[in-house]
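My entries follow in the order in which I went through them.

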Amino acid sequence: MNGGNYTSDELKKQKTLTEQRYQTESAYQTISASATTCPHCGAAVPEGCDFCETCHRYIKDDVCPFCGADINKGDKYCQECGSLIGKVECPVCHTQNEFSFCKKCGSPITEQAFKLMDTIHKDPEYQQLAQLTSELERLNNLMPVDTPAEREREKTNHDLKLRVLSLLAEEEGRSLTAEEEKATKSMSEEMIAERKKTVTESITNMLKKMQLKQTPSPVMARNYAMATKPIGVRSAWECNYKHALHSSPCACGKPQLGGKWVILGSTIKKEA
């Protein structure tokens with residue numbers, strides 16, 4: 001710069017800085033205009049969220065957090081589902097919750113939640129998923145048999161278990177099922193690892209198939225997702241909002257954007 005005048009390069013640099021500042025200010029104004037304030041902690045909450053991801057509290061006072069029906073501010077009970085508005089205790093783990101399913105153990109809390117879970121768990125697609133997760137749980141608890149001594153000992157145990165199961169089946173007037181016979185068989189560490197890989201891939205494909213699509217109601221989306229949670233395996237909820245992993249959709253601000261359950265294993269993302 002010379003005598004108050006800018007060189008060509010300095011003008012270009014100044015223009016770039018001005019444009020960057022304008023873009024930053026415009027983005028901030030857009031966010032501020034579309035954001036609301038959490039009534040519990042005062043944090044900015046993006047438009048469309050019904051849950052503050054800063055203090056982990058439900059923020060809507062005009063929508064029932066259990067069924068999604070409209071309520072009036074100050075209502076103690078939802079006239080649609082009859083739930084007490086506010087925190088309720090999980091009957092299983094005693095965690096305080098604001099939603100129909102427990103955020104910690106996943107147990108249904110409201111009558112509607114019990115009915116929804118019962119309906120989904122009777123669906124053939126979910127039953128197939130349950131069989132796969134049960135098999136993965138069995139494999140995780142299976143002790144590998146690799147040495148000759150271990151194989152000999154396991155063969156003796158296998159013959160004994162098979163005989164006991166056969167006698168029980170005879171008393172019930174039936175034959176051994178394929179699952180019962182499989183449960184008595186031993187496997188090497190390599191065989192277990194290969195089988196676990198195959199089963200995990202099948203579970204992953206099932207969860208992709210069952211993933212939650214975009215839906216208008218955050219409450220109904222959250223309830224459906226919780227009712228479809230795989231049982232017996234370590235899982236997390238991958239949301240479409242931030243593509244982050246949450247312990248459950250109860251921790252996501254926009255579950256209505258959809259998402260899916262994933263099996264925790266070799267690839268783990270950090271929770272938002």
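What covers the buried residues of helix H2? I found that the cover includes helix H3 (124-140) and helix H7 (218-227).

**Ground rules.** I am working from a predicted model, in which local features need pLDDT of at least 70 and side-chain atom pairs count only at pLDDT 80 or more, while totals for chains, interfaces and linings use all residues. Residues are numbered from 1 along each chain as its sequence is written, and side-chain values use heavy atoms, with hydrogens and water left out. I took helices (H or I, at least four residues) and strands (E, at least two) as DSSP runs, numbered from the N terminus.

**Helix H2.** I looked at residues 111-121, where Ala113, Met117 and Ile120 are buried. I call a residue buried under 20% relative accessible area, exposed over 50%, and partly exposed in between (1.4 Å probe, protein chains only).

**The three-stranded sheet.** I traced an open sheet in the order S8-S7-S9, with antiparallel pairing. Its edge strands are S8 (245-246) and S9, each of which pairs on one side only. Two strands pair if DSSP finds at least two bridges between them. Strand S7 (residues 235-239) is joined to S9 by five bridges and to S8 by two. I followed tryptophan 237 across the sheet: it stands opposite tryptophan 261 in S9, and its bridge partner in S8 is histidine 246.

Is strand S9 mostly covered or mostly open? I noted S9 (residues 259-263) as mostly covered, with five of its five residues buried. Gly259, Trp261 and Ile263 are on one side, and Lys260 and Val262 are on the other.

**Salt bridges.** I counted ten, taking a salt bridge as a side-chain nitrogen of Lys or Arg within 4 Å of a carboxyl oxygen of Asp or Glu.

- Aspartate 50 and arginine 222 meet at 2.9 Å, N to O. Aspartate 50 is in the loop between strand S2 (44-45) and strand S3 (51-52), and arginine 222 is in helix H7, 172 residues apart. Both count as buried, aspartate 50 at 3% relative accessible area and arginine 222 at 1%.
- Arginine 57 and glutamate 98 meet at 3.3 Å, N to O. Arginine 57 lies in strand S4 (residues 57-58) and glutamate 98 in the loop between strand S6 (96-97) and H2, so the pair ties together parts that are 41 residues apart in sequence. Arginine 57 is partly exposed at 26%, whereas glutamate 98 is buried at 13%.
- Arginine 195 and glutamate 135 meet at 3.3 Å, N to O. Arginine 195 is in helix H6 (residues 189-209) and glutamate 135 is in helix H3, 60 residues apart in sequence. Arginine 195 is partly exposed at 32%, and glutamate 135 is buried at 6%. I also noted that Glu135, Arg138 and Arg195 are linked in a network of salt bridges.

**Nonpolar cores.** Which residues have the most contacts inside the largest nonpolar core? They are Leu129 and Ile203, in a core of 39 residues. S3, H2, H3, H6, H7, S7 and S9 are the elements that give two or more residues to this core. By a nonpolar core I mean a set of buried Ala, Val, Leu, Ile, Met, Phe, Trp, Tyr and Cys residues joined through side-chain atoms within 4.5 Å. Not counting residues up to four places away in sequence, isoleucine 203 touches Leu129, Leu132, Thr133, Leu136 and Ile263, with contact meaning heavy atoms within 4.5 Å.

**Cysteines.** How many disulfides are there? I counted zero, a disulfide being a pair of cysteine sulfur atoms within 2.5 Å. For cysteine 67, the closest cysteine sulfur is that of cysteine 78 at 3.7 Å, too far for a bond. Cysteine 67 is buried at 11% relative accessibility. For cysteine 105, the closest is in cysteine 90 at 3.6 Å, again too far for a bond. Cysteine 105 is partly exposed at 33%.
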